[in-house]
Amino acid sequence: MSREDYEVIIGLEVHAELSTKTKIFCSCPTEFGGEPNTHCCPICMAMPGTLPVLNEKVVEYAVRAGLATNCEIEQRSKNDRKNYFYPDLPKSYQISQFDKPLCKKGGIEIDDEKGEKKTIRITRIHIEEDAGKLNHDEFGGGSLVDLNRAGVPLIEIVSEPDLRSSLEVDHYLKKLKSILEYIEVSDCKMQEGSFRADVNVSVRKKGETKLGTRTEMKNMNSFRSIIRGIEYEIDRQIDIIDQGGSIEQETLRWDDVSGRTFSMRDKEDAQDYRYFPDPDLVAIYLSDEYIENIRKTLPELPESRKERYRKEYALSQRDANLLTASKYLSNLFEDTTAICANAKATCNWILSDISRILNEKELEPSQIPFSSEQLAKLISLIEKGIISSAIAKKVIEELFEHPNDPEKIIKEKGWIQISDEGAIKEVVLQILEANPQSVADYKAGKEKALGFLVGQAMKQTKGKANPQMLNKMFIEEINK
Amino acid sequence: MEIYELTVHELIEKLDKKEITKEEVLISYQNRIDEKEKDVQAFVTITQQEAKDQLQKIQKEENKSKLAGIPIGIKDNICTKGIKTTCASKMLEDFVSPYDATVIKRINQEGMVCLGKLNMDEFAMGGSTEHSYFKKTKNPWNLNKVPGGSSGGSAAAVAAGMTPWALGSDTGGSIRQPAAFCGIVGLKPTYGLVSRFGLVAFASSLDQIGTLTKDVRDSALLLNVIAGHDKKDSTSVQKEKEDYVATLKNDVKGLKIGVPKEYFGEGINEEVKQSILKVIEVYKELGAVVEECSLDVAEYALATYYIIACAEASSNLGRFDGIRYGYRTKQYENLKDIYRNSRSEGFGPEVKRRIILGTYVLSSGYYDAYYKKAQQVRTLVKNEFAKNFEKYDIILTPTASNVAFDIGSKINNPLEMYLADLCTVPVNIAGLPGISVPCGLNKEGMPIGFQLIGKPFAEGTILNAAYSYEQNTNFKNNKPTFKN
Amino acid sequence: MQVSKEEILHIAKLADLNLKEEEIETYMGHLEEILNFAKVVNKAPIDGLEESIGVNEAYNIFRKDEIIESFNRDELLQNAKEQQQGMFKIPKVIN
């Protein structure tokens, strides 16, 4: 059977690190990096006798995330211990939430394969602590435990198995990421592991109502790997079923280099986490007033921004979508437009050249090094005819390398547009003299020949000549 | 009278009148330790030099606290920076905490001097101190008997005059039962009154640090130091500080005391029973209203206790894995070996037994039948106490149904050992304050204690009632004999 | 209450303990005995009672999100049996 005969069922557990200043149960900094074990204290190292105290911001951020994803907020909640042994888990239990998560029954809207609206239901959002990191020791053949990350607060966002393709997963994750960025509860830096997902995949023959056996890929932290992993898993599972085999429920590790999944856990290692309420912590009770106060401070979310962009700036659905997908791009757009009053041009620059460079450099929008003032200045320089768009492209590249006032950049680099009539006329005459055939072609009605001539003139002036003036002057001179 | 025989409030008085010096006090106790430790075996670590240095430092800083220079012994499951904290376990044989427990910070602030760390049942699991990895502490009243447990080292050291007072911890009776066995006063405060930060956890929802002292006034004095909110312990209660010494009024007129009949049925030793009945007579004579009442939850409470305590312990003791601290096996090739061999070699049999029981009751398929039920029973026990406290100010019971037993006589029968906690455990289940007060000796010369249980945070009430009994009787005239 | 050898071995594994052959027998016996005793909780009149989580009724005990300087690393590592480059050393973990 072919892939079209199967239906794919995907559910996600997304872990997002909360951008609090301190860890969830102690006052150590959450800052990324730092020498091993220097963001630690007896509490996050699980020294005997130490006790956890919950960071109030963690609860607030989780509630914010819950409200922004249309969840119900559980007024009575608690923390539970999830018991298992692993060297990155110093207490031998993770403090998490089992049967009373802070948020439940939410959902967000995404575009499905056909571009139609579809709601992906969110089962629950709960708070928990991150584990430490195991480093490989290159010399001694052992592993080294660094607990700087141990106790960094996370929210786990569990979706229902509502996703039907890797494309939908991509849309869902991007949407979720942008929401978390907008409400400022997580910076979602995937390369630092602060936004990662466990992906549950199963397939079933179309028409079947029972869910197939699922496999779980753990800790995926790039969109590319997630998509590749899902595609690989779908093919693998269908192959097995087609050959009459059956899928084994297991945890897998996606390997980016070989492009395949590997079984992760020892099969005899039956997991029994022995959850129970953590007796070191007390119950959480959230009043209506508390929840409403948080609701009031929620910023504008991407969905509503999108609508506003279409109305206020007359942007296309596609452009509005792309811009609002990232809070940083969207903010850059709004701030720049506020200065230069040219929404269309700002939108074009962000979605074309700036996005392309981000892609090439594998940067997140949050890492754009230049300011909205600098981008606005660049756009006004084009408007005033001081630089051509060809030069502007070079200025953008330069802004990524050495952010500076675009006016200074073009002066220093000598990129100011030649708009002096005398100078332009000189170039036009030279080009006409050197290309009699093109002149003849143009006269014979070949419009393209004019483009060639302008191109030659641009080449000679290293792109600095004003293209409108060139066009006009070529036509005048030929028709003389 | 020797200095080491004095209570702390007597020491303070004599220091005030300059009849004795702080140096003399310390020397008296250190000499007493030198003399008696070989018989009693109460200490895991004796901090002889550190104590001298500490006293010098206190003198130099001119600490103005009345308690400055008063020696104290610390149960070895309370973390002390720079001094080993072993929990009487091979697992932590050489563990030095990088921080001080909150109670240690408080006694240091008062300028108290730590004489050493006291023996206990390993990780506070046991009722005889026989489960220490290091040594078996003896009962000063008869060296063939256990001192009780788990704070057996603390109780024996106070009884033997090797420390004027000590800190212990009480999860199911671990302060009150050894206090009764050793003829001293043991107070377990209301859960949440004293910070647990720095107390190596056995069962988090039951553990509470408390005092072992020669008399009731000293209990109030020491409670004044250690009680109080600590923001490092989420279960510590935010409450205004009380002066417990001021609550000692030697007046119980009109005080309503309930005596649950269930604690006087079969199973209670006849001599203990007679002794408690005499206590009741004393209270009646002093004007208290004593009535028989019913607290029909003891058996459930005990079962619940072992389920909850072991469940929490199985999780609390997971962190001892030989990686960051503690014993690491020599026999390993891979990570699993480190975990399994370190834990199997580092923990003693009683600790392993409780970890296994605790893991079992939390494991899938059994959680509802045991742990969940136990948590409901916990509510039941709390309710039963609350009902009684609508009528009574205090509930009076024996502390233990018998006196101290022979060393080795129960070690192979864990269930029998567990059943001995019948009187003390319900107090922890309900999180109430309880105090054990000595009330006599049996024919063999072994001490008997009675227990007063109060409403949550009514430490003042039980201390005053205990004080009244003590002031009007004379157990104090009895001294341990150190007989073999 | 009957506890099988498989069960006790499974529990020991969850608790990361190795049991010697003679220990298995002893612990099985003790566990059975204690569980039989603990069964009395099933006779308790607990219908409709909430489960207690801890003993006091406190809730919402939170900490402010304020950094307190981290601890001296040497003191945190002083009890480790093996350390390297400021980290705890363990045998190689294969994922």
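Two strands are taken to pair if DSSP finds at least two bridges between them, strands (E, at least two residues) and helices (H or I, at least four residues) being DSSP runs numbered from the N terminus. The structure is a predicted model, in which local features need pLDDT of at least 70 and side-chain atom pairs count only at pLDDT 80 or more, while totals for chains, interfaces and linings use all residues. Residues are numbered from 1 along each chain as its sequence is written, chains are lettered from A and ligands numbered from 1 in the order in which they are written, and side-chain values use heavy atoms, with hydrogens and water left out.

In chain A, strand E8 (residues 117-129) and strand E11 (residues 153-159) run antiparallel and are joined by 7 bridges, with A:Ile125 standing opposite A:Ile157 of E11(A). Both strands belong to an open sheet of 9 strands with mixed pairing, whose order in chain A is E3-E7-E8-E11-E1-E12-E13-E14-E15. Strand E3 (72-73) and strand E15 (260-263) of chain A form its edges, each pairing on one side only. Helix H1 (residues 56-68) of chain A packs on this sheet, where H1 touches E3, strand E7 (103-111), E8 and E11 of chain A, and its direction makes about 170° with that of E8(A); axes here are lines fitted to C-alpha atoms, for helices over the stretch in contact, and angles run from 0 to 180 degrees between N-to-C directions. Helix H2 (residues 166-182) of chain A lies across strand E1 (6-17), E7, E8, E11 and strand E12 (195-205) of chain A, and runs at about 115° to E7(A).

Between chain A and chain C, 53 residues of chain A are in contact with 33 residues of chain C (contact meaning heavy atoms within 4.5 Å). The two chains bury about 3800 Å² between them, 60% of it on carbon and sulfur atoms, where buried area is the accessible area (1.4 Å probe) that two parts lose on being put together, summed over both. E2(A) pairs in the parallel sense with strand E1 (residues 62-63) of chain C over 2 bridges, and C:Phe62 is the bridge partner of A:Leu54. The count of salt bridges (a side-chain nitrogen of Lys or Arg within 4 Å of a carboxyl oxygen of Asp or Glu) between chain A and chain C is 1; A:Glu56 forms a salt bridge with C:Lys64, with the closest N and O atoms 3.4 Å apart. Strand E2 (54-55), H1, strand E9 (133-136), strand E10 (142-146) and strand E17 (284-285) of chain A each supply at least two residues of the side that touches chain C, and E10(A) gives the most, with 5 residues.

Between chain B and chain C, 70 residues of chain B are in contact with 49 residues of chain C, and about 5400 Å² is buried between the two chains, 64% of it on carbon and sulfur atoms.
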